[in-house]
Amino acid sequence: MQQTTLFSLDSLLSSDAAARSQGQMDRGGVGVETRISIDVGQPDPASMPMDDLIAAAGRVLSTDRTALLYGDRQGYAPLRKLVAHKALRLESLEVRPDDVLITNGSGQAIAMTAQALVDRGDWILMDEASWGVRVFKGFGTNVFSVRWDGDGPIIADVKAGVAAARDHGKRIKMFYTIPNFQNPLGITAGVERRKAVLDLAIEHGFLILEDDAYVELRFEGSHIPSYYQLDESRSQVLRAGTFSKIFGAGIRLGWTMSSPELLSALTHYKLDGGTSPFSSRILTEYMRGHMFEHIDELIDVYRDKRDVMIGGLQKGLGSRASWSQPEGGFFVWVSLPEGASAENVCAACARRGVSVWNGAQFRWDGRDDSHIRLSYSFATLDEIEEGVTVLCEEILRSAAQSDFVAGVGSR
Amino acid sequence: MAVNYENLFSTRHSTSVKLHPGLLAVTKYEFSVTNADPESLPAGGFTDALRTAMRTQTRDLAKYPPPQGHFGLRELTAQNLEEKRGHKTSIDSIFLSGGAGGAAQIIFDAFIDPGDIVLVDEFTYPGTLAMLLLRRANVIHVPTDDQGMNTDALENAIQELASHGKRPTMIYTISVYHNPMGMTMSLERRKRLLEISHRHGIPILENESYADFAIDDDSLPPAIISMDDQDSVIYVSSFTKLLACGLRLGYGVVPQRVRRHLEPLRFGGSPSHLASMVVHEYLRDHRDEHVERVRLRLKAKRDALLAALDNYFPPTCTWSKPTGGMMVWVRLPEGANTWDALDKTIEAGVKYNPGPLFRAERDRPNYLRLAYSHNSPEEIWEGVGILASVFEREGVFG
């Protein structure tokens with residue numbers, strides 16, 4: 001007899017819930033245990049400043065009982081002040097603590113912005129490959145993908161997106177973009193390009209949702225002003241950042257900068273009782289004394305890791321493939337040689353215990369079999385070297401198989 | 001030129017959920033918040049737990065937490081649910097969240113479209129109510145008495161809706177030490193509620209945030225979810241009321257087929273892993289002694305509040321006599337307006353939650369909620385005295 005299903009879930013779920021099931025990451029892995037992770041963009045565990053952190057936590061618990069109470073919805077004021085201080089010191093950006101909202105990681109800020117602005121069927125722009133794919137899949141959004149060249153978003157594509165929306169009787173509501181060390185592309189948008197995008201945003205009335213998760217981790221070259229900084233009105237851009245990359249993802253703390261009007265609209269969606277006052281205070285206490293020296297240390301750590309990864313690709317692939325040369329952040333985007341299949345390469349690496357990500361997962365339409373995203377942030381230098389060696393072998397093997405098949409086919 | 005946001009905002013959401021601006025004020029006598037009592041948390045033991053957790057789980061702090069949150073804490077939660085609430089569940093069914101509210105929010109994200117009908121207790125927790133109103137849900141209050149939600153009235157409401165071709169999406173109830181009304185749903189009502197849920201195919205969202213706060217006796221009926229064999233109950237609760245609200249930690253328990261739909265939402269984003277590590281470390285060794293310490297402190301505070309009400313409030317008022325939880329629900333004579341009076345009492349240093357905050361229509365202004373978790377027994381006595389004198393002066397008592 002058929003089991004009775006007493007509540008019919010599908011008929012009760014919200015209209016967005018089904019759409020979201022497409023938004024998940026799939027590592028394309030198999031049942032082999034991962035030995036080397038050069039896939040996920042998470043921080044280097046060896047760089048966690050444990051002793052200083054424990055000392056900071058002890059001080060907070062012994063002196064500040066408010067760490068244990070409900071907090072301010074906008075976030076712990078001294079942490080907002082610290083975010084402003086960091087912006088001034090690292091970017092010469094003046095921002096008022098009142099223009100900062102503390103969130104549960106930058107992911108929460110991005111999801112809240114999507115909730116506040118995007119209805120089903122609305123149009124947004126997104127970088128041609130983007131971490132944001134998995135967030136926006138959940139909102140029933142029409143996404144127009146903006147291609148990037150070596151200098152950032154291609155302006156003609158932004159214009160084409162605006163026109164395409166108009167042709168459908170719609171308008172672009174926002175451009176979700178990652179300007180620095182783009183995830184996954186590993187490229188940084190130049191200042192002139194940013195200005196041109198901003199001009200279009202002002203002209204056509206869309207918001208720029210600037211995901212600046214990696215801004216602090218620039219290894220070389222000079223800082224490029226954020227969209228937020230370039231925007232004189234301070235209302236065209238919502239900029240989201242995070243402490244996950246410079247501190248640790250487990251602390252779940254991020255920051256958002258925008259106009260008070262937009263922040264207050266977002267706070268409307270933040271009904272979680274405020275971002276953890278406990279974690280906020282411990283992070284603030286630690287960062288007060290150590291933030292800039294810790295960032296400098298991390299820059300050295302990640303620069304070395306990047307160099308090992310890029311060196312390994314150079315050694316293993318030479319001129320057979322190409323890849324981005326990130327000036328910061330965590331990611332390298334590898335363009336495979338003609339004929340190689342990213343899906344096959346990922347699966348082959350997984351069988352050898354090396355985890356890398358198929359670029360298709362960052363495409364809105366999921367169609368791409370010729371790119372792989374690597375991250376050098378989490379693995380050790382030795383692991384990176386070994387992982388990249390395996391990857392290069394598998395890339396060449398996949399390309400050779402396709403050459404062979406092509407050769408057979410032509411006979 | 002500044003952006004015109006008006007035509008950018010989503011139209012799915014209401015932007016006009018009415019809250020009382022006075023609630024943001026800081027006052028000496030805070031009867032409006034159900035804060036865990038900071039004094040009940042021993043600094044030494046908690047700091048030790050923090051040190052141990054950070055030493056042993058350093059790598060985990062660098063990484064992104066698993067989507068459903070800290071494994072050890074979920075494991076401990078599963079044990080606790082079985083021991084204390086009679087519910088056997090898998091660790092897989094549990095996800096951690098930013099307070100019980102964070103868990104409710106992700107459930108609503110999965111279930112609630114604008115216009116969906118949600119049946120709730122006669123008065124209900126303002127946080128979840130605000131989430132529902134924000135999503136433009138059609139919230140219907142069901143008459144509720146000292147046994148919990150009136151299941152006859154519930155059945156009538158469902159049939160009435162059915163006669164108009166409508167079916168509720170969810171029944172939301174706070175089944176233990178109700179917020180704000182104070183009672184615990186009786187066993188008989190629980191069974192009946194579940195039977196109604198099964199028969200009509202309407203899931204129940206059960207909120208047990210206050211289950212750790214028995215003051216007088218320990219004999220709570222088992223959780224509704226523990227009696228369900230049809231995957232009809234979703235459960236949310238909190239750790240932070242017990243330990244410290246600043247930790248912002250709660251959890252949800254969901255049937256497998258609901259879980260599938262929360263996965264793409266990554267369960268709302270894991271809460272602070274640091275907080276999870278510490279709570280796990282501390283509760284593992286100290287849970288029972290901590291619950292007892294909290295119980296004793298809450299008992300003194302509740303007794304002080306009830307005595308103060310007896311002493312200062314006129315016989316025209318009635319109030320709940322809770323055997324657990326953190327709040328007393330006060331009914332003033334018809335015509336009293338606790339919403340309007342709040343500004344006056346704040347001037348005098350006393351804050352409470354006016355009754356309309358617990359209603360979708362913002363009606364019933366002759367009720368108020370007094371939470372006794374924050375202030376000391378002496379302050380509670382003083383604060384109620386001040387509150388009564390302001391009410392007297394402003395004619396609130398009629």
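Reader: Why is the pairing of A:Arg218 with A:Glu327 called a salt bridge?

Author: A salt bridge requires a side-chain nitrogen of Lys or Arg within 4 Å of a carboxyl oxygen of Asp or Glu. The closest N and O atoms of A:Arg218 and A:Glu327 are 2.8 Å apart, so the pair qualifies as a salt bridge. This is a predicted model, in which local features need pLDDT of at least 70, side-chain atom pairs count only at pLDDT 80 or more, and totals for chains, interfaces and linings use all residues. Residues are numbered from 1 along each chain as its sequence is written, chains are lettered from A and ligands numbered from 1 in the order in which they are written, and side-chain values use heavy atoms, with hydrogens and water left out.

Reader: What makes up domain 1 and domain 2 of chain A?

Author: Domain 1 covers 25–48 + 294–401 and domain 2 covers 50–290, with bounds from an automatic or database domain assignment. Their centres, taken over C-alpha atoms, are separated by 25 Å. Contact, meaning heavy atoms within 4.5 Å, involves 27 residues from domain 1 and 34 residues from domain 2 of chain A. Three salt bridges are counted between the two domains.

Reader: What area do domain 1 and domain 2 of chain A bury between them?

Author: The two domains bury about 2900 Å², 62% of it on carbon and sulfur atoms. Buried area is the accessible area (1.4 Å probe) that two parts lose on being put together, summed over both. A:Met48, A:Glu327 and A:Trp364 supply 29% of the area that domain 1 buries against domain 2, more than any other three residues.

Reader: How do you know that A:Asp51 and B:Arg55 meet in a salt bridge?

Author: The N to O distance between their side chains is 3.0 Å. One salt bridge is counted between chain A and chain B. These chains bury about 6700 Å² between them, 59% of it on carbon and sulfur atoms, and 77 residues of chain A are in contact with 78 residues of chain B.

Reader: Why is chain B called as compact as a globular protein of that length?

Author: The radius of gyration is taken over C-alpha atoms, and the globule rule is 2.2 Å times the number of residues to the power 0.38. For 398 residues the rule gives 21 Å, and the radius of gyration of chain B is 21 Å, so the description applies.
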